[in-house]
Amino acid sequence: MGDRQKWQAEYDRSSRRDVPFETMSGVPLEPVYGPEGAELPGQWPYTRGPYASMYRSRLWTMRQFAGFGTAADTNHRFKELLASGGSGLSTAFDMPTLLGRDSDDPMAKGEVGRAGVAVDTQADMETLFSGIDLGTVSTSMTINSAAAVVMAMYVGVGDRTGVARQALSGTIQNDILKEYQAQKEYVFPPRPSVRLVTDLMRFATAELPRWHPVSISGYHIREAGSTATQELAFTLANGFAYVEAALAAGLVVDAFAPRLSFFFNAHMDFFEEIAKYRAARRIWAHWMRDRYGATDGRSLQLRFHTQTAGVSLTAQQPEVNMARVAIEALSAVLGGTQSLHTDSYDEALALPTERAARLALRTQQVVAEETGVVHVADPLGGSWFVESLTDELESQAESVFAHLLEVGSGSMLDGVIASIEDGWFGTEIADAAYQFQSKITSGKWVQVGVNGYTDGDDHQPPTLYVDPEVESRQLADLEAIKQARDDDAVRSSVERLSKEATDPTLNLMPALIEAAARYVTVGECMGALESVFGTWVERSYV
Amino acid sequence: MPDDRPVRVLLAKVGLDGHDRGLRVVARILRDGGFEVVFAGLRQTTDMITASVIEEDVDVVGVSMHNGAHLTLAPAVVASLRDAGLNTPVVVGGIVPDVDLPKMLEAGIYAVLGPGASNAEVVAIIKAAAGATTDEGTAKPAGTGGRT
């Protein structure tokens with residue numbers, strides 16, 4: 001069967017949303033356009049999209065990231081988002097939780113519940129998802145260093161509320177490599193951290209068939225200042241590194257690769273962003289088939305979440321950010337994203353208010369319902385410009401892969417870790433950030449409201465106020481949990497964890513799930529692991 | 001500040017916040033501007049900062065904050081320096097809402113460099129801070145614009 005017939009068969013089999021696929025004036029539209037022999041969506045090498053019918057079957061998931069204050073505060077925001085038509089939950093944790101520290105840790109002072117929700121024990125997770133059916137909602141959790149610990153707590157909440165593990169659906173970021181490169185939320189050195197990633201992959205492969213155990217993230221690499229090409233190349237290199245780590249841990253490629261997903265940034269250079277998503281799909285398909293021997297189509301199809309670029313937002317004339325977000329969201333949709341977070345216009349000032357978060361969601365709904373761009377898959381495919389830019393980004397990314405493979409003597413995992421250890425990624429990203437800043441300083445890049453069109457910056461919107469009492473409320477809750485739990489059980493769980501950490505062939509997830517159920521804190525679990533794994537201090541570079 | 005050497009600036013992130021893009025860009029702006037940069041980097045405590053100021057004979061401390069904890073952590077940096085008998089001015093860069101600026105001033109912060117502060121503003125504020133021997137500053141945001 002030719003590609004066209006295969007595509008047609010898949011398209012015919014797919015479900016269809018109940019809307020007319022035509023222009024506003026009634027011109028009927030084909031599901032995809034192109035000459036005979038052109039690439040097709042859902043077909044090798046998937047440049048034009050992972051699925052034959054794309055948004056005709058299902059729109060992307062509108063997944064707005066939220067979290068602040070205590071678990072009860074965020075639970076309220078979750079329910080508000082679900083009520084206004086959001087289709088998935090996305091959890092932001094506070095800095096202490098992200099770094100595996102309890103709210104009563106001296107380093108946590110001032111940061112409890114500030115930039116996300118504070119989670120100390122499974123009890124906080126029970127409150128966070130209270131009244132929400134984990135069997136029907138899909139949840140994304142943005143956490144990396146302490147991912148395995150928080151995942152164990154989420155499984156525990158499901159267990160307690162009678163939701164079968166097979167029914168848990170969602171994504172945990174669990175992408176530690178980009179933490180060393182960009183976001184800097186690391187705790188342990190890279191190698192034991194990668195073991196935790198693969199432990200969670202092994203556990204999910206065995207017990208959580210609807211869970212995505214790693215979301216390989218370029219978002220933070222871009223936010224830290226990289227170019228689009230660096231975002232593409234570093235992210236996919238990290239993806240290949242996880243594949244190699246999972247293979248080395250004994251997993252079969254087609255058993256886990258279908259559950260890998262990606263997370264990209266949507267920045268302001270409209271066509272470059274679209275080319276980036278298209279190139280990412282093509283590169284992934286080639287490498288998974290040719291280098292890692294995957295044969296299942298789902299292992300070859302790169303699926304991704306997108307968030308609009310927080311770093312593109314300005315504190316000056318903040319309402320202008322709504323225009324930026326709309327343009328970025330459109331690039332993600334034209335690039336074929338599977339889920340999307342649109343930033344709120346007030347995010348350069350503070351965490352978003354509820355009103356600003358709703359406007360951001362509405363922006364996606366405008367793209368989905370009013371623009372008609374969802375009727376045709378990869379509408380820019382075949383554009384000489386976009387096709388050429390796609391090829392160019394692919395070729396630049398391949399040069400980076402070649403460099404990393406050389407550094408790793410043929411291993412992408414070793415190449416990536418060595419390039420973390422010697423500060424190569426950090427220096428590359430810092431160089432790009434400085435070059436961009438220099439363009440703004442010299443006026444070669446005009447950012448509206450910052451170095452051009454600066455009149456009229458006279459309205460500051462109201463910003464979210466996080467009650468400083470959050471910290472003391474969280475501390476009181478934590479103290480109460482510590483008083484109520486069984487100290488002997490806690491001690492034995494902590495001992496089991498540090499003992500099992502010394503044997504790299506063991507999967508740490510069962511010990512973590514046991515600890516979570518006994519209300520061992522995030523900090524106690526991480527401390528037990530740190531006593532074996534040690535602590536990472538990055539090599540100094542500017 | 002001795003006259004025979006460039007102004008020495010310590011740059012640090014306090015607490016757990018890992019957003020170091022701004023700090024690294026500022027480091028390069030200051031180096032290009034003829035300053036000497038002591039890059040302390042991530043996860044610094046107030047004690048570590050004070051110790052580095054003494055050890056490296058630092059003239060100005062620059063701390064970067066993107067985590068909403070500025071009202072807790074920035075005054076703690078100033079207090080730690082003053083407890084050690086140091087007058088070193090402290091400049092904060094990052095995301096500080098306007099409503100918090102008076103409190104930052106009261107706490108003895110010399111200045112706040114907001115998002116979108118130009119390279120020239122960064123250099124001018126640090127230069128002015130180095131010339132000031134007390135913490136009588138203006139917590140006036142230099143540039144209130146977008147993070148870049």
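The structure is a predicted model, in which local features need pLDDT of at least 70 and side-chain atom pairs count only at pLDDT 80 or more, while totals for chains, interfaces and linings use all residues. Residues are numbered from 1 along each chain as its sequence is written, chains are lettered from A in the order in which they are written, and side-chain values use heavy atoms, with hydrogens and water left out.

**Interface**

- In the pairing of the chains, 45 residues of chain A are in contact with 35 residues of chain B, where contact means heavy atoms within 4.5 Å.
- The two chains bury about 3,300 Å² between them, 53% of it on carbon and sulfur atoms; buried area is the accessible area (1.4 Å probe) that two parts lose on being put together, summed over both.
- M107(A), Y434(A) and V542(A) supply 22% of the area that chain A buries against chain B, more than any other three residues.

**Nonpolar cores**

- A nonpolar core is a set of buried Ala, Val, Leu, Ile, Met, Phe, Trp, Tyr and Cys residues joined through side-chain atoms within 4.5 Å, and buried means under 20% relative accessible area (1.4 Å probe, protein chains only).
- The largest such core has 81 residues, of which W60(A), L236(A), F401(A) and M412(A) touch the most other members.
- Helix α9 (residues 228–248) of chain A gives this core its largest share, 11 residues; helices are DSSP runs (H or I, at least four residues) and strands likewise (E, at least two), numbered from the N terminus.
- Apart from this core lies another, of 60 residues, among them M107(A), F129(A), M153(A) and L508(A).

**Second largest pocket**

- The second largest pocket has a volume of about 590 Å³, and of the 24 residues that line it, the closest to its centre are R222(A), H267(A), M268(A), F436(A) and W445(A).
- A pocket is, on a 1 Å grid over the protein atoms alone, an open set of points where a 1.4 Å probe fits, with protein on both sides within 12 Å along at least five of seven lines, and lining residues have an atom within 4 Å of a point.
- Helix α17(A) gives the most to this lining, with 4 residues.

**Chain B**

- Chain B holds 5 helices and 5 strands, and from the N terminus on its elements run β-α-β-α-β-α-β-α-β-α.
- Of the 148 residues of chain B, 59% count as buried.

Definitions and conventions: Grid points are joined across faces, edges and corners, and a volume is the space filled by probe spheres set on the points. Buried means under 20% relative accessible area, exposed over 50%, partly exposed in between (1.4 Å probe, protein chains only).
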